[in-house]
Amino acid sequence: MKVLGGSASQRTAKELAGILGADLVPVERKLFPDGEVYVRVPEALRGEHAIIVQSTLPASGLVEALFLEEAAHDQGASEITMVVPYYSYSRQDQIFQPGEIVSARAVADLLSAKADRVVTVDLHKEHILGFFGVEAHGVSAVPLLSKELARHKVDTVLAPDKGALDRAEFAAKCLGADFDFLEKTRLSGTEVSMKAKRLDVRGKTVAIVDDIISTGGTIATATRELKAQGAARVLAACTHGLFLDGAIDRLRAAGCDAVIATDTLENPAAVVGCAPVIADALA
């Protein structure tokens, strides 16, 4: 068993190799001045199970993942598992308007070309697993996030909206905490109010849990509202921290007491390693 870490997932690959007791194979990579991706796997993999670990963001990360699959195949790997901690292009999981493509399926087709199986973490929609032409497994990082949240003595877990309630409920069960979702009420053309639908947050430590935090605008608004409603502390937690356009600073400025993410995307808030749940799927 050999683990090959792509440039977007070095930390996860190293931790996964340690858990599995597998060798971490050095990979040569570079970007040409015009943005073309170059990879080289110098070590022979004949007869080995090659585990490639690479999130597909940015777009060059997807290209690198495909090239690593090709290289592992050409180097004689007898089995290839593609681990995609963050599976980008998953938002377009169905056709909403004529002329669109299902990008989640198109990327799945590409990744299935040379892989024998695929493992992903907290997919945006679970039915995307059915788009792969090979065996595909989805694992959840919520139990690992919950262990980190337990250190903060969280009383209440909130979903940012009703659609994300299942994830909040799962985290709450792991923590033995209450759970609810945030309900948005528009007060005017420029003002909205967000509050927990059922629960009183006064004096509580509250964690807002989602799969992805992008710009953080919604959670920043929710944090200000929850603090105004008397919440003692508010934490923002997610599996995939995109944190675009200064999102972490935006959340802290809104009064967020901690920003917690896993290392499916490497960033300053990625304090939770997702390798243990990936290893469980490979056992």
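**View 1. Thr 12 and the residues it touches.** Setting aside residues up to four places away in sequence, Thr 12 touches Val 53, Pro 85, Asp 263, Glu 266, Cys 274, Ala 275 and Ile 278. This is a predicted model, so read every close-up here with that in mind. Thr 12 itself sits in helix α1, which covers residues 10–20. With a relative accessibility of 0%, Thr 12 counts as buried.

**View 2. The open sheet, strand by strand.** Six strands make up an open sheet, and going across it you meet them in the order β2-β1-β5-β6-β7-β8, with parallel pairing. The edges belong to β2 (23–25) and β8 (135–139); each has a single partner strand, so one side of each has no neighbour in the sheet. From one strand to the next, the twist averages 25 degrees.

**View 3. Where β1 meets β5.** Zooming in on one pair from that sheet, strand β1 (residues 2–5) runs parallel to strand β5 (residues 49–53), and the two pair over 4 bridges. To find your bearings, look for Lys 2, which stands opposite Ala 50 in β5.

**View 4. Helix α2 across the strands.** Here helix α2, made of residues 59–74, lies across β5 and β6 (79–84). What angle does helix α2 make with β6? The helix runs at about 165 degrees to the strand.

**View 5. Ala 44, out in a loop.** Look between β4 (37–40) and β5, and the loop there holds Ala 44. Is Ala 44 buried or exposed? Its relative accessible area is 56%, so Ala 44 counts as exposed. For a sense of distance, Ala 44 and Gly 5 are 39 residues apart along the chain, and their C-alpha atoms are separated by 16 Å.

**View 6. Gly 241 and its contacts.** Gly 241 has its place in strand β13, residues 233–241. Its relative accessible area is 4%, so Gly 241 is buried. Which residues is Gly 241 in contact with, leaving aside neighbours within four places in sequence? They are Ile 213, Ala 261, Leu 265 and Asn 267. As for Lys 153, that residue is 88 residues from Gly 241 in sequence and 22 Å from it in space, going C-alpha to C-alpha.

View 7. How many disulfides does the structure hold? The count is 0. Take Cys 238: the closest cysteine sulfur to its own is in Cys 256, and at 10 Å that is too far for a bond. Seen from the other end, Cys 256 is in no disulfide either, with the sulfur of Cys 238 as its nearest cysteine sulfur, 10 Å away. Cys 238 counts as buried because its relative accessibility is 0%. Cys 256 has a relative accessible area of 7%, so this cysteine is buried too.

**View 8. Stepping back to the whole chain.** The protein chain comes to 8 helices and 15 strands. Its C-alpha trace spans about 60 × 45 × 35 Å along the principal axes. A compact globule of 283 residues would have a radius of gyration near 19 Å, so the 20 Å of this chain agrees with that. Of the 283 residues, 52% count as buried. The accessible surface comes to about 12,700 Å², and 50% of it belongs to carbon and sulfur atoms. Looking at contacts between residues at least 6 apart in sequence, 63% join residues at least 24 apart.

Notes
Residues are numbered from 1 along each chain as its sequence is written. This is a predicted model: local features need pLDDT of at least 70, side-chain atom pairs count only at pLDDT 80 or more; totals for chains, interfaces and linings use all residues. Side-chain values use heavy atoms; hydrogens and water are left out. Two strands pair if DSSP finds at least two bridges between them. Axes are lines fitted to C-alpha atoms, for helices over the stretch in contact, and angles run from 0 to 180 degrees between N-to-C directions. Contact means heavy atoms within 4.5 Å. The radius of gyration is taken over C-alpha atoms; the globule rule is 2.2 Å times the number of residues to the power 0.38. Buried means under 20% relative accessible area, exposed over 50%, partly exposed in between (1.4 Å probe, protein chains only). Accessible areas come from the Shrake-Rupley method with a 1.4 Å probe; for residues, only the protein chains shown count as cover. A disulfide is a pair of cysteine sulfur atoms within 2.5 Å.
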